[in-house]
Amino acid sequence: MKPGAMHLPAVPSPSAPEQVQENTQPPAPNIRLARTQKREFGQSGTKLAADRAKKLRYQPGMALQDLLQQALELQVSDLHLHSGARIRVRLGGKLWDATEDVLDPDECERLIKSVLNEVQLDALQSRLQVDFAFELPGIGRFRANAYKQQRGIDAVFRSISLSPPTLARLGLPDEFKKFTEFHQGLILFTGPAGCGKSSTMAAMVNLINQSRSDHILTIEDPVEFVHTSACCNVTQREIGPHTESFSRALRAALREDPDVIVIGELRDLETISLAITAAETGHLVMATLHTSNAIRTINRLLGVFPPDQLSQIRRMLSESLKVVISQLLVPRKDGKGCVAALEVMINNDAVANLIRESRTSQIKTILQTGASQGQQLMDNSLMRLVKQNIISREEALRYAEEDRKFE
């Protein structure tokens, strides 16, 4: 068995603190909410979420900080402020109206601009959008994007915990800890926006920070989870205030003696090329990518390079890639948040050979038959959740690659 190979359990152990205990089923991970509802309700989960959204209180002229604090108390994942529309919140993966009245465009602009500094205001004015982080000291932190649209200025605030998450808190398998033992290579966390990939990566970074004596360098846009140096020295750089771009920061990183390089997102050819080079030259590189599964991830990485470089890049990627973790958040059948469905591809001799020979479509067979080595297909994870009555068949079909598996 290759180093880092694992047997992925169906669901995490009962010790995970954010899980909801079923009467007849094992607990399932709830990666979206910061904590679980502790009372038992006789109402449906859908009505629970709708009722909870309506508890947000807004009065014209109030401070945005008050709205954000309420959002944290209601355990919403996202707060939406849209000019000329109702304030909305995301609960259990779905958007819900939080107010009856629409938000006046001038009032919406006032709320959003009240938390922007001069640099961010200039960026919003010149580029018509801006990414930023905002913190309520001692209460919570938010990743946000403000942008201009037809009716005015909008913003979406994603809640982030003040301290980095743990695997247990996210409801992820303990076997993922083995991936933090790599000292060089490339680990990728993939999935659509809002699937929790940044949280999973932050949990892995936190494990390394607590167990190794290394220099961890993160490059983010913006900085999301704040990592206080523990056993490691952690340096966090943000695009804009600290560096001009991911590629510029990565070029500099190779001269800053890092052991672990964490990249918020692989966005372009230069960033991907530098990440692969760093992984091949003795660094552990961790990064996110907006791809839905392992095969699409590999094809996306290879697809940005010109044809005359592909042979060399296939070889480099086959040697440096360690693990691809793809994840989705699927609404639970009981309405109490979302559950993580996971695809895991651990690079071994067979996978590396298929990458080198441009036969990535055949990797699916390895994931299908390699459960004993820790490989797992997304469809198999979804099917297991259906059989355990954690998600509905209809929800599984929304995300499945092959519908026939669910007939």
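**Getting to know this fold**

Me: Which residue in the turn of the hairpin of S2 and S3 has a positive phi?
Reply: Strands (E, at least two residues) and helices (H or I, at least four) are DSSP runs, numbered from the N terminus. S2 and S3 form a hairpin, and 2 residues lie between the two strands. The turn residue with a positive phi, of about 60°, is Gly-92.

Me: What pLDDT do local features need in this model?
Reply: Residues are numbered from 1 along each chain as its sequence is written, and side-chain values use heavy atoms, leaving out hydrogens and water. This is a predicted model, in which totals for chains, interfaces and linings use all residues, side-chain atom pairs count only at pLDDT 80 or more, and local features need a pLDDT of at least 70.

Me: Is Ser-83 buried or exposed?
Reply: Ser-83 sits in the loop between S1 and S2. Contact means heavy atoms within 4.5 Å, and beyond its neighbours within four places in sequence Ser-83 is in contact with residues including Leu-103, Cys-108, Gln-149 and Asp-154. Buried means under 20% relative accessible area, exposed over 50%, and partly exposed in between (1.4 Å probe, protein chains only). At a relative accessible area of 0%, Ser-83 is therefore buried.

Me: How does Ala-168 count, at 30% relative accessibility?
Reply: Ala-168 belongs to helix H5 (residues 167-170). Its C-alpha atom is separated by 9.2 Å from that of Ala-203, 35 residues apart along the chain. With a relative accessibility of 30%, Ala-168 counts as partly exposed.

Me: How are H7 and H8 oriented to each other?
Reply: H7 (residues 246-253) and H8 (residues 269-280) pack at about 25°, their axes 9 Å apart. Angles under 35 degrees count as roughly parallel, over 145 as roughly antiparallel, 65 to 115 as roughly perpendicular and the rest as oblique. H7 and H8 are therefore roughly parallel.

Me: Which residues in H8 meet H7?
Reply: From H7, the residues taking part are Phe-246, Ser-247, Leu-250 and Arg-251. In H8 they meet Glu-270, Thr-271, Leu-274 and Ala-275.

Me: Where is Glu-265 found?
Reply: Glu-265 touches Phe-246, Thr-271, Thr-288 and His-290, not counting residues up to four places away in sequence. Its C-alpha lies 5.8 Å from that of Leu-289, 24 residues apart in sequence. Glu-265 is in the loop between S10 (260-263) and H8.

Me: How are H9 and H10 oriented to each other?
Reply: H9 (residues 294-303) and H10 (residues 310-320) have axes 10 Å apart and pack at about 140°. Ile-298, Leu-301 and Leu-302 in H9 meet Leu-310, Ile-313, Arg-314 and Leu-317 in H10. The two helices are therefore oblique.

Me: What percentage of the 407 residues in the protein is buried?
Reply: The protein has 14 helices and 13 strands. In H10, the buried residues include Met-316, Ser-318 and Ser-320. Over the 407 residues of the protein, the buried share is 55%.

Terms used
Axes are lines fitted to C-alpha atoms, for helices over the stretch in contact, and angles run from 0 to 180 degrees between N-to-C directions. Two strands pair if DSSP finds at least two bridges between them.
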